[in-house]
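Biologist: I would like to learn how to read a model like this one. Please take me through a few features.

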Amino acid sequence: MRPLSLYCLSLLAATAPAQLVALPYGIRLKPIDQQPLMDPVGPVVPPSHQPAPGSGQPPPQQGGVLISDIMGRDRSINIFAGFTRDVASISARLDDSSKNSTVLAPRNSAVEKLPRKPWEDPRDYEALGANAYEGGDGQDRAHRNLRRFVEAHVVPVSPWAEGDKVKSLLDGDREIWWEMKDGVKVIQPDGIEVDSIASRVGNGELWIVKGVRNYA
Ligand SMILES: *[C@@H]1O[C@H](CO)[C@@H](O)[C@H](O)[C@H]1NC(C)=O
């Protein structure tokens, strides 16, 4: 765990009275959606009873909480959150305060409902047979497919306005946009319903979505 994350978490934990949310590491804190953490007048001083680990190192002046800090917070998307950590280019981006993103995180249930794992591609099975993902080459292949899956669920824009046509990080992807339909945000042209906007932080937003993009 990087010092910044722990620093932010300890700040949050120290200021969290109600509405607690469980974190995988056993730390509890309250949702930060409506409460920007950036102090308008300057960096927040860590509470004296709970010194930040690795203190002496002040947090960066800009950015505050980042998508990388909050990805693991909501258990309903922890499969996808794990994928983002496995893809170096994505985890670096979500940890970069100078690059905004809207992350479309499919719920676990949507990932589990897929007819195959996100790192499996029927074309690989056709070309290579049942052992397509075995051995070093197979693992590379699976990792490449997983990267494409994750890239297709990250939009390099935030805030993302309604009707704004954008391309995900996936090379050669088609344009996507979102619109309100019967009071629900829907990502088009896939028609994926947005469950909620889980977080708004310094470098973008985390949206929880009910389906998986069809990008192949
Ligand atoms: C990036 O996101 C932040 C936080 O929502 C916003 O204040 C800023 O204007 C965004 N920057 C760009 C270039 O869109």
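Biologist: How many aromatic pairs does the structure hold?

Modeller: First, the ground rules: this is a predicted model, in which local features need pLDDT of at least 70 and side-chain atom pairs count only at pLDDT 80 or more, while totals for chains, interfaces and linings use all residues. Residues are numbered from 1 along each chain as its sequence is written, and side-chain values use heavy atoms, with hydrogens and water left out. In general, a pair of aromatic rings is described by the distance of the centres and the angle of the planes. Here, rings of Phe, Tyr and Trp (its six-membered ring) pair if their centres lie within 6.5 Å; planes under 30 degrees apart are stacked, over 60 edge-to-face, and the rest tilted. The structure holds six such pairs. W178 and W207 form one that is edge-to-face, with 5.9 Å between centres and 75° between planes. This pair links distant parts of the chain, as W178 lies in strand β6 and W207 in strand β9 (residues 204-209), 29 residues apart. Elsewhere, F80, F83, W119 and F149 are linked by ring pairs into a cluster.

Biologist: Are W178 and W207 buried or exposed?

Modeller: Both are buried. Buried means under 20% relative accessible area, exposed means over 50%, and partly exposed is in between (1.4 Å probe, protein chains only).

Biologist: Which order do the strands of the open sheet have?

Modeller: Strands of a sheet pair through backbone hydrogen bonds, either parallel or antiparallel. Strands are DSSP runs (E, at least two residues), numbered from the N terminus, and two strands pair if DSSP finds at least two bridges between them. This open sheet has seven strands in the order β4-β3-β9-β8-β7-β6-β5, with mixed pairing. Its edge strands, β4 (154-155) and β5 (166-167), each pair on one side only.

Biologist: Which strands does β7 pair with?

Modeller: On one side, β7 (residues 184-188) pairs with β6 (residues 175-181) in the antiparallel sense over five bridges. Within that pairing, V184 is the bridge partner of K181, and I187 that of W178. The two strands form a hairpin with two residues between them, and D182 in the turn has a positive phi of about 50°. Two bridges join β7 to β8 (residues 192-201), also antiparallel; here I187 stands opposite I192. This second hairpin has three residues between its strands, and G191 in the turn has a positive phi of about 75°. Four of the five residues of β7 are buried.

Biologist: What does the side chain of N203 reach?

Modeller: A polar contact is a pair of N or O atoms within 3.5 Å; within protein, one must be able to donate a hydrogen and the other to accept it, and residues adjacent in sequence count only if both atoms are side-chain atoms. The N203 side chain reaches the backbone oxygen of D96 at 3.2 Å. A polar atom of that side chain also lies 2.8 Å from the backbone nitrogen of I67. N203 is found in the loop between β8 and β9 and has a relative accessible area of 0%.

Biologist: Which residues surround the ligand?

Modeller: N100, S158, V201 and G202 surround the ligand, where near means a heavy atom within 4 Å. A polar side-chain atom of N100 lies 2.4 Å from a ligand oxygen, and a backbone N or O atom of S158 lies 3.1 Å from a ligand oxygen.
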